[in-house]
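Subject: Structure handover

Hello,

Here is the structure I promised to pass on. Please open it first, then read my notes below.

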Amino acid sequence: MIHNLAWGNKTMKKPGYKTTEFWLSAGAMIIGLAYGSGLIAEAGTSGIEKSIAFVAASLAALGYSSSRAATKAAELENEK
């Protein structure tokens, strides 16, 4: 999805940090890292649960990165 703000004949692209995708993936990544590090984990949390939290945080970051890369590629293609 391309995020554009049209203003007359000019088109301004929305920066990544102003998108919903960024904030949702950042929230998922922070919560996953906090849980995986034991900051918000309950007592008795196993290592596998912490590992799953780290994997989920990594997937959130990877998902956002690939989404943003696809958006940038589409923007470059449209500028040609």
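Predicted model: local features only at pLDDT ≥ 70, side-chain atom pairs only at ≥ 80, totals over all residues.

Now the overall layout. The chain holds two strands and two helices. Their order along the sequence is β-β-α-α. The chain has 80 residues, and 20% of them count as buried. Look at the contacts with a separation of 6 or more: 48% of them join residues 24 or more positions apart. The exposed surface comes to about 5,900 Å². Carbon and sulfur atoms supply 66% of that surface.

Next, the helices. Helix α1 spans residues 20-37, which makes 18 residues. From first C-alpha to last, α1 reaches 26 Å, close to the 26 Å expected. Helix α2 runs over residues 47-79. It has 33 residues and reaches 48 Å, again close to the expected value of 48 Å.

Which residues of α1 are buried? They are Ser 25, Ala 26, Gly 32, Ala 34 and Gly 36. These buried residues of α1 pack against α2. In α2, the buried residues are Ala 53, Ala 57, Ala 60, Tyr 64, Arg 68, Thr 71 and Glu 75. An α-helix has 3.6 residues a turn, so residues three or four places apart point the same way.

Glu 21 also belongs to α1. Its relative accessibility is 30%, so Glu 21 counts as partly exposed. Glu 21 and Ser 65 are 44 residues apart in sequence, yet their C-alphas are 9.9 Å apart in space.

Now move past the end of α1. Gly 38, just after the helix, takes a positive phi of about 95 degrees. Ile 40 lies in the loop between α1 and α2. Ile 40 is partly exposed, because its relative accessible area is 49% and the exposed class starts over 50%. Together with Ile 31 and Leu 39, Ile 40 forms a nonpolar surface patch. The accessible area of the patch is about 340 Å².

Last, the aromatic rings. How many aromatic pairs does a search of the whole structure find? It finds two. In one, Phe 22 and Trp 23 have ring centres 4.9 Å apart and planes at 85 degrees, so this pair is edge-to-face. Phe 22 is partly exposed at 24% relative accessible area. Trp 23 is exposed, with a value of 55%. The other pair is Phe 22 with Tyr 64. It is edge-to-face too, at 5.6 Å centre to centre and 70 degrees between the planes. This pair links distant parts of the chain: Phe 22 is in α1, Tyr 64 is in α2, and 42 residues separate them.

Why does Tyr 64 count as buried? Its relative accessible area is 17%, and buried means under 20%.

Best wishes

Conventions: Residues numbered from 1 in each chain as written. Heavy atoms only, no water. Helix = DSSP H or I, 4+ residues; strand = E, 2+ residues; numbered from the N terminus. Buried < 20%, exposed > 50% of the residue type's maximum accessible area, 1.4 Å probe, protein only. Contact = heavy atoms within 4.5 Å. Areas by Shrake-Rupley, 256 points an atom, 1.4 Å probe, with all protein chains shown as cover. Expected span 1.5 Å × (residues − 1). Patch = residues over 30% accessible without salt bridge, like charges linked within 9 Å, V, L, I, M, F, W, Y side chains within 5 Å. Salt bridge = Lys/Arg side-chain N within 4 Å of Asp/Glu carboxyl O. Phe/Tyr/Trp six-rings, centres within 6.5 Å; stacked < 30°, edge-to-face > 60°.
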